[in-house]
Amino acid sequence: MWDTFILNPMINALLMLYDFLGNNFVLAIAVFTILIRLLTLPLNLRQQRSSIKMQEMQPQIQAIQKKYKDNPQKMQEEFQKIGYNPAESLAGCLPLLIQMPILIGLYRAIIIVLGSTPQSLFELTARVYDYINLTDLLPISNKFLWLNLAQPDPLFVLPVLVFGTMFLQQKLMTPATQQQNKNKKQDDNPMAGMTQSMQWTMPIMFGFFSLQFQAGLSIYFVLSNIIGIGQGYYMRRSMAQLKEEQAVKKKPAVITSEPEVKAEPKQDKADLEAAMKGTPEERKQYQPRKRTSKRKKRKR
Amino acid sequence: MYAAKRPLRRPAIFLLIIASYLLAACGARTANTNWPGLSTDGQKVYVAYGPKVLAYDVAAQKAAWSFFPADAAPTLQFFAAPSVQDGRIILGDFGASGGMLSPGVVVTLYALNDTDQGTPESLWTNSELVSDRIVAPPLQIGDQLFVGTANNFLIAVDATSGVKQWEFEAGHSIWGQPAYKEGVLYVSSLDKSIYALDAATGQKRWQTELGGALASSPVVNTNLVYVASFDNKLHALDMQTGEEKWVAEAQDWIWDAPAFAGGIVYFADIKGNIFAVDGESGEQIWSQQLKLPVQTSPVVVDETVYIASGDDIKAENPQGALTALDIADGKQKWQQTAPAPLYTTPVVVGNDIIVALQSESALLIAFDAETGSQNWIYTPPQEQ
């Protein structure tokens with residue numbers, strides 16, 4: 001099932017791209033990575049947004065937990081007040097889990113297509129759809145710059161790039177508030193501690209893996225990370241913008257909305273009374289004021 | 001209640017993610033395998049089957065020795081058929097990474113002397129000659145050694161000292177053993193080309209590009225070079241010029257080299273069709289359908305053509321088969337099954353036709369060449 005629904009379609013898509021892109025395997029990997037990232041973009045954004053939101057709420061959550069540790073009922077109520085739902089935090093991780101098979105399938109596909117032994121080629125033939133002419137596509141070009149795509153990069157460039165790009169990506173996924181507070185004791189916030197350690201451990205781990213991986217696979221990681229960096233940058237910017245807008249909206253709302261909302265019915269009543277006392281023309285001209293503010297403002 | 005569960009949930013998700021990545025990372029290393037490589041000197045059979053190279057004494061029906069370099073990385077594997085000439089055995093490995101901090105793959109050539117005194121003695125070892133796995137069986141001609149590599153090179157080496165003489169770069173991997181005749185090497189490459197090279201200098205004499213990748217060895221007769229291709233054709237080329245003289249059509253890829261005997265060329269495609277064509281004209285003499293995928297070369301002995309075949313790659317318990325066909329008309333004489341698909345061309349020692357396979361139950365099986373009955377079976381002892 002794994003092969004039929006994930007791995008084989010990916011292998012064939014990779015081969016088709018290789019065919020369309022002038023038998024350039026690096027280009028095929030690049031376009032394929034972009035397509036996959038685009039497909040998983042909604043999931044990614046949702047997961048990232050939820051993760052940032054959760055991390056930023058951590059101090060409040062912890063304070064509530066500490067304060068009401070003996071009163072779960074009250075704790076739940078307080079959580080609801082700040083908009084935190086524990087079930088939602090689990091759902092926030094689901095997109096990441098859904099992406100895992102796609103990611104694993106993608107780099108298994110790269111390994112199989114780049115397989116450089118008779119046995120791996122034979123195994124590839126069993127996975128290729130009938131409408132793809134493998135005879136014309138073979139041999140899959142395995143050279144790119146100084147690299148043999150089926151072997152690790154002997155000059156250490158790709159492992160360094162994998163580390164660097166993944167580090168940047170992880171850094172952009174960490175909320176700014178957490179980075180500002182990184183000098184504070186991490187024990188105060190275990191979630192922040194985990195994110196901080198992920199920021200280093202994941203890039204180091206993948207940097208080391210890249211010393212052993214086929215160069216084609218490392219290229220995929222670098223490209224995928226670069227897209228992730230763009231996505232992270234966009235996410236931070238949009239979150240910051242959202243916060244600014246919220247801050248701007250909050251300020252005037254406190255000063256102006258209350259009297260305006262409460263004054264409206266009284267004003268309408270006074271106008272109506274004045275109009276009724278006036279001439280027939282004045283009565284015709286009377287138009288009640290539009291009741292926009294309270295409901296619309298609530299919606300906003 | 002949830003507060004008690006929460007501390008477990010996040011580490012669990014984190015571990016799941018890491019485990020998934022690690023799982024995939026381990027999978028990245030599984031592609032470096034191949035089918036066993038098999039050769040013979042007429043008395044022993046030599047089989048490179050991954051973790052070791054084994055010499056098996058056919059007459060005594062026991063393993064003579066097995067070879068694995070003491071200081072090698074545990075991931076090192078051998079799959080290219082060993083080259084044997086006058087007791088000198090040349091082995092090329094699939095390479096192993098130099099370790100976490102040395103990503104370059106180290107591929108080594110080993111020259112051994114089979115002394116019949118137990119373990120063979122080392123003549124020389126050289127890890128500087130090639131930099132990618134050796135799939136093609138090395139070829140020894142006198143004191144010259146020719147080795148094709150997966151990173152497109154053919155190198156010529158002094159077989160007595162292990163010193164490189166020259167190298168030639170093709171457009172893609174060389175998986176087939178070169179053929180040699182009168183000072184000229186004929187080299188096929190996955191780049192769809194066959195090259196004729198001067199064996200002394202490595203200078204190219206001609207190059208002919210064909211319609212499909214060439215994964216197998218060329219075969220030479222007096223004036224023609226035969227080469228099988230993934231374009232579903234067997235090509236016969238002029239030995240002097242590389243000009244195509246004729247082609248014989250198959251129905252699918254011809255994976256392994258043809259066999260030439262008595263003026264007739266025998267070859268098989270991966271759909272299981274066996275063909276016998278006239279060596280001079282390419283005219284078909286007979287064809288036979290095995291209905292089993294064939295990725296090996298036919299073996300011709302006296303009046304019989306032996307074909308080792310595999311099974312449907314999607315089969316749940318794939319088996320192999322060895323079939324004996326009458327050389328005159330291709331009619332089946334006998335067929336025997338093997339516990340795993342046969343992807344390696346069999347060898348003949350005396351009255352035994354010996355197959356090598358990837359199976360836990362057997363590494364080598366010998367069948368009687370005449371009757372097809374099983375003569376002996378060899379399974380390597382389990383490593384402790």
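Colleague: Which residues of H2(A) are buried?

Modeller: In this predicted model, the buried residues of H2(A) are A:Phe25, A:Val26, A:Ala28, A:Ile29, A:Ala30, A:Phe32, A:Thr33, A:Ile36 and A:Arg37.

Colleague: What makes the span of helix H2 of chain A close to the expected one?

Modeller: Helix H2, residues 25-39 of chain A, has 15 residues and reaches 21 Å from its first C-alpha to its last, which is close to the 21 Å expected at 1.5 Å a residue.

Colleague: What makes A:Asn24 a cap for the N-terminal end of H2(A)?

Modeller: A side-chain oxygen of A:Asn24 lies 3.0 Å from the backbone nitrogen of A:Val26, and since a polar contact requires a pair of N or O atoms within 3.5 Å, this pair falls inside the cut-off.

Colleague: Why is H3(A) called roughly antiparallel to H4(A)?

Modeller: The axes of helix H3 (residues 41-67) and helix H4 (residues 72-82), both of chain A, come within 10 Å and cross at roughly 160°. Angles over 145 degrees count as roughly antiparallel, and therefore H3(A) is described in that way relative to H4(A). The crossing of H3(A) and H4(A) is right-handed.

Colleague: Why is H6(A) said to be largely enclosed by the rest of the structure?

Modeller: That wording is used because 6 of the 8 residues of H6(A) are buried, namely A:Pro118, A:Gln119, A:Ser120, A:Leu121, A:Phe122 and A:Leu124.

Colleague: What makes the aromatic pair of A:Phe122 and B:Trp255 edge-to-face?

Modeller: By the rule that ring centres must lie within 6.5 Å and that planes over 60 degrees apart count as edge-to-face, the count comes to 30 aromatic pairs over all chains. A:Phe122 and B:Trp255 form an aromatic pair at 5.9 Å centre to centre, with 90° between the planes, and the pair is accordingly edge-to-face. The pair crosses between chains, running from A:Phe122 in helix H6 (residues 118-125) of chain A to B:Trp255, which sits in the loop between strand S21 (244-249) and strand S22 (259-261) of chain B. Both A:Phe122 and B:Trp255 are buried.

Colleague: Which residues do ring pairs link into a cluster with A:Phe122?

Modeller: Ring pairs link A:Phe122 with B:Trp35, B:Phe230, B:Trp253, B:Trp255 and B:Tyr343 into a cluster.

Colleague: How do you know whether B:Val187 counts as buried or exposed?

Modeller: Buried means under 20% relative accessible area, and B:Val187, at 0% relative accessibility, therefore counts as buried.

How values were computed:
Residues are numbered from 1 along each chain as its sequence is written. Chains are lettered from A and ligands numbered from 1 in the order in which they are written. This is a predicted model: local features need pLDDT of at least 70, side-chain atom pairs count only at pLDDT 80 or more; totals for chains, interfaces and linings use all residues. Side-chain values use heavy atoms; hydrogens and water are left out. Rings of Phe, Tyr and Trp (its six-membered ring) pair if their centres lie within 6.5 Å; planes under 30 degrees apart count as stacked, over 60 as edge-to-face and the rest as tilted. Helices (H or I, at least four residues) and strands (E, at least two) are DSSP runs, numbered from the N terminus. Buried means under 20% relative accessible area, exposed over 50%, partly exposed in between (1.4 Å probe, protein chains only). The expected span of a helix is 1.5 Å times one less than its number of residues. A polar contact is a pair of N or O atoms within 3.5 Å; within protein, one must be able to donate a hydrogen and the other to accept it, and residues adjacent in sequence count only if both atoms are side-chain atoms. Axes are lines fitted to C-alpha atoms, for helices over the stretch in contact, and angles run from 0 to 180 degrees between N-to-C directions. Angles under 35 degrees count as roughly parallel, over 145 as roughly antiparallel, 65 to 115 as roughly perpendicular and the rest as oblique. A crossing is left-handed if the near helix is turned anticlockwise from the far one by less than a right angle, and right-handed if clockwise.
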